[in-house]
Amino acid sequence: MNSGSLPLPSFEMTTSQWIHLVGIGIEIFGVFIIVAGIIWSSRYVYRRGLRSRYEGYKISIGRSLLLGLEVLVAADIVKTIAIELTFTSLGLLAGLVLVRTFLSWTLALEIEGRWPWQRDVASMHPNKPRHESTAG
């Protein structure tokens with residue numbers, strides 16, 4: 001058997017495969033964050049008060065979805081670097097990032113009640129000096 005007849009994988013190909021595997025690992029981690037966040041959020045189901053249960057559950061799930069989406073965007077970027085960079089792959093990445101960014105913004109609107117680029121209502125009104133009496 002002539003071992004020289006089989007072409008050895010090039011450094012670029014091996015590196016690309018490893019980067020692709022890292023991207024898949026990051027994707028799995030992002031899905032884990034979402035699933036674990038949903039499971040962890042179930043603790044709000046057992047709280048008293050229907051309104052506080054719903055609000056707490058919704059906010060907790062929304063936060064885990066936001067974090068999971070951020071990790072999934074990172075995985076898409078890493079995997080796009082691993083493959084041969086073409087206008088098609090770059091366009092697909094741009095589309096994925098655009099959709100996931102829009103999802104992140106709408107989740108932030110649902111959780112915080114404002115768009116991410118809007119200032120918090122509490123920070124828009126400077127604290128007025130309080131005039132307290134010093135009754136002893």
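Let's start with burial: a residue is called buried under 20% relative accessible area, exposed over 50%, and partly exposed in between, using a 1.4 Å probe and the protein chains only. On that scale, buried residues make up 22% of the 136 residues in this protein.

The model is a predicted one, so local features need pLDDT of at least 70 and side-chain atom pairs count only at pLDDT 80 or more, while totals for chains, interfaces and linings use all residues. Residues are numbered from 1 along each chain as its sequence is written, and side-chain values use heavy atoms, with hydrogens and water left out.

## The overall picture

The protein has four helices and zero strands, and reading along the sequence gives α-α-α-α. Here helices are DSSP runs of H or I with at least four residues, strands are runs of E with at least two, and both are numbered from the N terminus.

A contact means heavy atoms within 4.5 Å. Take the contacts between residues at least 6 apart in sequence: 64% of them join residues at least 24 apart.

The protein exposes about 10,800 Å², and carbon and sulfur atoms supply 68% of that area. Accessible areas come from the Shrake-Rupley method with a 1.4 Å probe; for residues, only the protein chains shown count as cover.

H1 covers residues 11–41. This helix has 31 residues and reaches 45 Å from its first C-alpha to its last, close to the 45 Å expected at 1.5 Å a residue. The expected span is 1.5 Å times one less than the number of residues in the helix. The buried residues of H1 are Gly23, Gly30, Ile33, Ile34, Gly37 and Ser41.

Ile28 is also found in H1, but at 58% relative accessibility Ile28 counts as exposed. Together with Trp18, Leu21 and Ile24, Ile28 makes a nonpolar surface patch of about 440 Å². Patches are made of residues with over 30% relative accessible area and no salt bridge; nonpolar side chains (Val, Leu, Ile, Met, Phe, Trp, Tyr) are joined within 5 Å, and like charges within 9 Å.

H3 runs over residues 87–112. With 26 residues, H3 reaches 36 Å from its first C-alpha to its last, close to the 38 Å expected at 1.5 Å a residue. Buried in H3 are Ser89, Leu93, Arg100, Ser104, Leu107, Ala108 and Ile111. After H3 comes Gly113, whose phi is positive, near 80°.

## Charged pairs between helices

Side chains of opposite charge can pair when their charged atoms come close. A salt bridge is a side-chain nitrogen of Lys or Arg within 4 Å of a carboxyl oxygen of Asp or Glu. By this rule the count comes to three salt bridges.

| Salt bridge | N to O distance |
|---|---|
| Glu27 and Lys79 | 3.1 Å |
| Lys58 and Glu110 | 3.0 Å |
| Asp76 and Arg100 | 2.3 Å |

Look at Glu27 and Lys79, whose side chains meet at 3.1 Å, N to O. Glu27 lies in H1 and Lys79 in H2, so the pair ties together parts that are 52 residues apart in sequence. Glu27 is partly exposed at 21% relative accessible area, whereas Lys79 is buried at 19%. H2 itself covers residues 50–82. Leaving aside neighbours within four places in sequence, Lys79 is in contact with His20, Gly23, Ile24 and Glu27.

Next, Lys58 and Glu110 form a salt bridge of 3.0 Å, N to O. Lys58 is in H2 and Glu110 is in H3, so this pair ties together parts 52 residues apart in sequence. Lys58 is partly exposed, with a relative accessible area of 22%, and Glu110 is partly exposed too, with 46%.

That leaves Asp76 and Arg100, with closest N and O atoms 2.3 Å apart. Not counting residues up to four places away in sequence, Arg100 touches Leu69, Leu72, Val73 and Asp76. Arg100 and Glu70 are 30 residues apart in sequence and 8.1 Å apart in space, C-alpha to C-alpha.
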